[in-house]
Amino acid sequence: MRVLVIGGDGYCGWATALHLSQKGHEVGILDSLVRRFWDSQLGADTLTPIASIQQRIQRWKDLTGKSIDLFIGDITDYAFLSQSMRQFQPDSIVHFGEQRSAPFSMIDREHAVLTQVNNVVGNLNLLYAMKEDFPDSHLVKLGTMGEYGTPNIDIEEGYITIEHNGRKDTLPYPKQPGSFYHLSKVHDSHNIHFACKMWGLRATDLNQGVVYGVLTDETGMDEMLINRLDYDGVFGTALNRFCIQAAIGHPLTVYGKGGQTRGFLDIRDTVRCIELAIANPAEAGKFRVFNQFTELFSIGDLATMVQKAGSTLGLKVEIDHLENPRIELEEHYFNAKNTNLLDLGLQPHFLSDSLLDSLLNFAKKYQDRVDYQQILPKVSWRR
Ligand code: NAD
Ligand code: USQ
């Protein structure tokens, strides 16, 4: 298949582009490189030294003989997007190309607006480009588990059957997101659902949990293919941050009580889930939703796991409970379904097996690159 990976210079996108290329798909990467720009604005950098997208693609070709097409530009620019798609002729479009940090979206009005315009307009442009020229292609869109929030009932995969006043219907599952970023994903989901109904497009929304790890088979092949690993208070996610904090002897930054429970998955499972989704496309007119995570953990449990794994490497890891910069429940019920991808054949990696290889060892290897000023959270939901 011809697969266009939008956001293919990013954390999930780069690993996915290489994996799909390795599996024999014709891959194109489309990216505005805006994430590298946001990092430099924030004064933050990935722990791992990443090469330019051109160098990465060239090295991949030198090593494997496989080419990856490159389109540099912004999907909020419709002319650029439509022209790139016409040139590439995709069968599937994997859309990772959004502003994906909750804290970034909560910095101030400008960052909230930037996030929602970038994400919602980019996604809407993509739906129109598909309708115009590729109505039969399959959209695989990265959503988030955070669209659901933390309801006091089980979370289904996208839809819930409700009986009300003696009548019954299957409806989109209620959404209670916790940041302007997570809200942008809800808006995207509504737009995709509508486009499928109106124009008969086919789409799979992957409500992904928090991704951890840096190593995949392909990105581990050469230092120049290495993936990014964020640890700063804006783009770094919980588990990746904890491992880097452990490596440098910084107490782990658990926000509040630490009872916040989320779905998690290894980046090796992210790339496999995308492969499964494109191999089993949604039917025309269908908006399919898969919950993409493999395990549920509370933040406090994660901190304890990192502490234990660290001790096997001789690290003395302390756990701090900081005042929570976010507004969120710190103790709550959380039970989400995730059977759709398992039914398609996903064989999960488990955190207990990969904490050392995929994370702590990388954190130790690159610990000299850590900027201590970037560890503590600076963005508050209360301001
Ligand atoms: P990332 O920031 O590493 O990568 C996103 C890429 O998209 C960047 O290279 C950026 O330059 C590009 N991009 C952003 N806006 C663009 C635009 N308008 N036009 C073209 N390119 C654009 O993020 P990531 O961690 O790889 O996340 C990828 C996707 O997966 C996001 O949609 C995110 O919401 C979703 N997701 C990520 C996680 C996670 O833990 N990392 C979890 C759940 C869902
Ligand atoms: N947290 C801490 N300490 C930290 C960092 C985070 O306790 O140092 C807590 C947060 O308060 C939150 C939880 O950990 O309760 C998750 O935070 P996170 O920063 O790891 O993840 P989040 O902001 O939810 O966002 C990340 C990605 C986003 C994706 C989302 C999936 O950045 O793109 O959509 O994970 S999910 O969480 O399932 O919505």
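Author: A polar contact is a pair of N or O atoms within 3.5 Å. The model discussed here is a predicted one.

Reader: Which residue has a polar side-chain atom 2.7 Å from a nitrogen atom of ligand 1?
Author: The shell around ligand 1 holds 27 residues, and those that come nearest are Asp31, Arg100, Asn118, Tyr181 and Lys185. A pair of N or O atoms counts as a polar contact within 3.5 Å. The side chain that places a polar atom 2.7 Å from a nitrogen atom of ligand 1 is that of Asn118.

Reader: Which residue has a backbone N or O atom 3.1 Å from a nitrogen atom of ligand 1?
Author: The backbone of Arg35 has a polar atom 3.1 Å from ligand 1, but the ligand atom there is an oxygen. For a nitrogen atom of ligand 1, the backbone N or O atom at 3.1 Å belongs to Ile75.

Reader: What percentage of the area that ligand 1 exposes when taken alone does the protein bury?
Author: Asn118 contributes a side-chain contact to ligand 1, and Ile75 a backbone contact. Taken alone, ligand 1 exposes 830 Å², and the share of this area buried by the protein is 98%.

Reader: How many charged residues are in the shell around ligand 1?
Author: At least two residues of this shell come from each of α1 (11-22), α2 (34-42), β5 (138-144), α7 and β9 (210-212). By class, the shell around ligand 1 has 10 nonpolar and 9 polar residues, and its charged residues number 8.

Reader: Which residue has a polar backbone atom 2.7 Å from an oxygen atom of ligand 2?
Author: Around ligand 2 there are 23 residues, and Thr144, Tyr181, Ala238, Thr253 and Glu328 come nearest. A polar side-chain atom of His182 lies 3.1 Å from an oxygen atom of this ligand, and a polar backbone atom of Tyr255 is 2.8 Å from an oxygen atom. The residue with the 2.7 Å backbone contact is Ala238.

Reader: What percentage of the area of ligand 2 taken alone does the protein bury?
Author: The contacts to ligand 2 include one from the side chain of His182 and one from the backbone of Tyr255. Ligand 2 taken alone exposes 730 Å², of which the protein buries 95%.

Reader: Which elements give two or more residues to the shell around ligand 2?
Author: By class, this shell has 9 nonpolar, 9 polar and 5 charged residues. The elements that give two or more residues to the shell are α7, α8 (238-248) and β10 (252-255).

Reader: Which helix gives the largest share of the lining of the second largest pocket?
Author: This pocket holds about 210 Å³ of space. Its lining has 13 residues, with His19, Asp217, Arg268, Arg272 and His349 nearest its centre; by class there are 1 nonpolar, 5 polar and 7 charged residues. The largest share, 5 residues, comes from helix α9 (residues 267-279).

Reader: Which element gives the largest share of the lining of the largest cavity?
Author: The search of the whole structure finds 2 cavities of 30 Å³ or more, and the largest has a volume of about 80 Å³. Of its 13 lining residues, Gly158, Pro172, Lys175, Ser189 and Phe287 are the closest to its centre. Two or more lining residues come from each of α7 (180-199), β8 (202-208) and β12 (287-292). The largest share, 3 residues, comes from α7.

Reader: What radius of gyration does the chain have?
Author: The chain has 12 helices and 14 strands, and its C-alpha atoms fill a box of roughly 65 × 55 × 40 Å along the principal axes. A compact globule of 383 residues would have a radius of gyration near 21 Å, which agrees with the value for the chain, 20 Å.

Key
Residues numbered from 1 in each chain as written. Chains lettered and ligands numbered in written order. Predicted model: local features only at pLDDT ≥ 70, side-chain atom pairs only at ≥ 80, totals over all residues. Heavy atoms only, no water. 1 Å grid on protein atoms, 1.4 Å probe; cavity = no way out; pocket = protein on both sides within 12 Å on 5 of 7 lines; lining within 4 Å. Points joined across faces, edges and corners; volume = space filled by probe spheres on them. Helix = DSSP H or I, 4+ residues; strand = E, 2+ residues; numbered from the N terminus. Near = heavy atom within 4 Å. Polar contact = N/O pair within 3.5 Å; in protein donor to acceptor, adjacent residues only side chain to side chain. Areas by Shrake-Rupley, 256 points an atom, 1.4 Å probe, with all protein chains shown as cover. Nonpolar A, V, L, I, M, F, W, Y, C, P; charged D, E, K, R; others polar. Rg over C-alpha atoms; globule rule 2.2 N^0.38 Å.
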